[in-house]
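Morning, everyone. I have one model to show you today. Let me put it on the screen.

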Amino acid sequence: MVPSPLPLFRWTSRPGLVVRLGAVVVAFSFVASVGYDQVVGYRETIARAERDTRNATALMAEHAARSFEAVEETLRAVARLREDVEAGVLPPDRAVLHRQLQGIHGSSPLYVGVGWIDPEGNQIATSRSPDPPPLNIADQPHFRAQREATTDRLHISETFRSVLDRRLIINVSLRLTRADGSFAGVAGVAIDPYHLVQVYQKIDLGPGQVMSLFRDDGAYLARAPHSDQWVGQSVADRPLFRQYLPNAVEGTFHPTSSVDGVTRIVSFARVPDLPLVVAASTSLDDALASFWRHAALAGMRVAGMLIVLAVAAWLLITMIGRREALAEAARTAREAAEEANRAKSDFLARMSHELRTPLNAVIGFGQMMELNRPGNLNADQIEYCGHIVRSGRHLLSLVNEVLDLAGIEAGRMRLSPERVIVAEVVGQVVEAMRPFAEKHGLQLDFLADAPVPDARADLQRLRQVMLNLLSNAIKYNRPGGTVTVKAWAIDDKRVRIAVMDTGIGIAPENETHLFEPFYRLGAEYTAVEGTGIGLALCKKLVEAMDGRIGYETRLGEGTTFWIELAVENRLSRRETPAAGMPDRAAAGGYALLYVEDNPASLRLMEHLIGTLPNVAMLSAPTGQLGLELALAHRPDVIVLDLNLPGMSGIEVLGRLKALPETRDIPVIALSAAAMPSDVKRGLAAGFFRYVTKPFDVTMFLSVIDAALQVSRSRPAANGN
Ligand code: ADP
């Protein structure tokens with residue numbers, strides 16, 4: 001048989017499915033755990049970014065509060081300066097006032113200049129210049145606001161460009177009030193929004209950060225990064241001012257810009273006691289940038305892991321597939337071998353069946369002639385008949401043994417282990433072989449001094465083994481020798497039966513082939529008959545009964561073959577011995593019906609029955625005719641061939657058993673189907689005896705005898 005290539009990949013096999021499922025579960029768990037980490041990481045990153053922007057606004061608010069506190073101090077110093085001038089403590093001299101204002105200005109990098117404006121809006125003095133050009137700010141909103149104010153609160157302007165030098169400034173002013181409460185002008189500090197921008201830039205929220213300072217009406221004051229486009233702008237219409245600030249002094253939200261489409265994290269806070277709002281924001285994408293980098297790495301790790309997993313699963317399934325394929329190949333090979341074996345034994349069974357029928361005639365007629373009933377054969381002819389019968393028997397034993405061996409090898413032998421009374425069985429076999437031993441001039445003894453325990457064995461097969469060993473001990477003995485059979489318990493588990501002879505022994509060089517079939521170890525060149533199968537069969541049978549076989553030998557002195565069987569402890573010993581064979585009945589006025597289609601077999605039976613006085617034989621070549629004859633003549637015994645044309649022997653038996661007129665007639669099956677299972681089946685079907693072809697004449701006559709005895713004791717209602 002050409003082996004089919006082994007499949008490497010079997011995803012659909014059961015283990016393949018299990019591995020796939022396992023891999024999917026592992027992959028899913030891994031992806032789920034990494035995914036969960038990412039979700040947690042995402043939330044943490046955003047929470048961190050929100051915290052950073054909140055911290056930034058807290059810093060900015062703190063910075064604004066301090067800065068504007070300082071500005072207020074500065075403005076109050078200018079107010080005191082005005083009071084000093086008004087009180088005449090200081091002369092209203094520009095140069096003096098300039099120096100005074102310079103002192104008040106100090107070195108703060110936040111300030112652009114400190115100035116004093118009279119009630120008409122004219123600049124009286126400034127820290128920036130001892131001799132400033134004339135300047136009137138009466139029309140500027142912050143001046144107007146202070147002039148109309150009733151309290152001396154700080155006023156913070158929008159960021160605007162100075163009319164003097166176009167520089168960006170934020171004007172912070174304080175109303176100057178005389179003792180009578182009338183408006184005495186304005187003290188002002190121009191602060192530098194760039195300074196605020198520089199401070200804000202020191203806070204690091206990432207590349208997309210924006211920090212802003214607004215007046216609480218939304219007017220732009222400072223922004224980092226700075227852009228001129230914001231100057232003069234108001235964000236009063238933005239969500240921060242419309243939505244969030246009316247409800248909270250601080251907070252965080254995530255607006256998406258309608259201008260650039262960017263989503264930002266924005267934190268805001270009002271500056272306590274000042275009309276100021278600070279806001280810090282960072283782009284969500286910037287905040288998440290490192291998260292996405294890590295997520296991408298995790299994704300790559302997951303992908304790598306999944307690839308490793310897939311490769312591992314593939315390798316595993318391939319290995320399992322290979323193993324399965326090997327097992328499958330072994331199974332197929334085993335099945336093929338079993339099939340071949342079955343075919344072989346079927347062939348042997350058929351062959352033996354075919355051989356048995358002619359052998360039946362050969363041995364039967366040979367035996368009949370040997371009996372020489374008519375007395376017309378001379379001594380030579382009788383001797384020839386003896387040769388024919390012996391050769392026939394030899395051939396028959398060969399056929400039987402080959403069939404047995406083939407049956408065992410094909411595993412077809414069915415054993416029926418049962419409790420066996422060893423001493424009884426061995427005793428019977430010894431007695432059966434006694435004539436054979438005597439013929440060889442040998443003394444045969446059976447020693448069973450102590451009680452022998454029962455064994456667990458197949459009775460028929462044990463007999464077969466013992467017959468074989470005994471026949472060998474007799475065949476390979478020397479004239480005047482002895483054969484001694486012994487049975488005893490080795491221990492409470494095993495019983496041993498030994499067959500000892502004083503024969504030729506076995507040469508050491510032959511021992512290796514002793515139990516091999518068809519090896520006769522030189523006996524084939526002698527006159528001793530044999531097939532070379534007996535010992536091989538004994539070994540197989542004993543081992544099939546869970547026993548052991550062995551031997552000890554001395555060349556020229558003798559051999560002991562022994563077998564060991566398991567002691568049977570399960571049941572109590574049978575009390576009564578088996579009933580012996582009934583004596584042959586005195587035949588008289590009997591009828592025998594033989595249903596057989598084979599003419600040679602029919603002729604043999606006619607001759608055989610012809611030797612029995614007062615037994616008349618009827619015959620029928622078919623089952624149907626047989627039934628009719630049985631009904632018409634009610635014979636005392638029926639011999640039925642099983643392999644009949646048309647209706648089978650088993651069917652004929654069934655019909656006979658169904659009819660009240662015929663159901664008590666003993667029916668003997670005669671068949672060439674000689675497998676133990678055939679015999680068993682036949683007996684189970686209701687045959688009186690099952691005799692296999694070719695049969696031994698003496699044995700067959702005793703079966704007829706037994707059947708006639710049974711028939712004689714039948715109820716009279718059957719007409720006999
Ligand atoms: P066979 O049909 O030739 O007797 P067996 O298988 O029974 O075949 O025995 C195989 C061979 O072993 C015999 O041919 C014989 O040479 C040898 N043998 C068997 N039993 C004995 C014995 N008791 N003494 C000496 N040789 C024996």
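First, the ground rules. This is a predicted model: local features need pLDDT of at least 70, side-chain atom pairs count only at pLDDT 80 or more, and totals for chains, interfaces and linings use all residues. Residues are numbered from 1 along each chain as its sequence is written, and side-chain values use heavy atoms, with hydrogens and water left out.

Now the ligand. How many residues surround the ligand? There are 20, counting a residue as near if one of its heavy atoms lies within 4 Å. The closest are Asn472, Tyr476, Arg520, Thr531 and Leu535. By class, the shell has ten nonpolar, seven polar and three charged residues. Here Ala, Val, Leu, Ile, Met, Phe, Trp, Tyr, Cys and Pro count as nonpolar, Asp, Glu, Lys and Arg as charged, and the others, Gly among them, as polar.

Next, polar contacts, meaning pairs of N or O atoms within 3.5 Å; within protein, one must be able to donate a hydrogen and the other to accept it, and residues adjacent in sequence count only if both atoms are side-chain atoms. Arginine 520 places a polar side-chain atom 2.5 Å from a ligand oxygen. Threonine 531 has a polar backbone atom 2.7 Å from a ligand oxygen. For glycine 534, a backbone N or O atom sits 3.2 Å from a ligand oxygen. On its own the ligand has 530 Å² of accessible area, and the protein covers 96% of that. Those areas come from the Shrake-Rupley method with a 1.4 Å probe; for residues, only the protein chains shown count as cover.

On to the helix. Helices (H or I, at least four residues) and strands (E, at least two) are DSSP runs, numbered from the N terminus. At the start of α7, a side-chain oxygen of asparagine 378 comes within 3.2 Å of the backbone nitrogen of aspartate 380.

Last, the backbone. Most peptide bonds are trans. The bond from alanine 224 to proline 225 is cis, with omega near 0°. Proline 225 is in the loop between β7 and α5. Lysine 693 to proline 694 is also cis, with omega near -5°. Proline 694 lies between β22 and α15. That's it from me.
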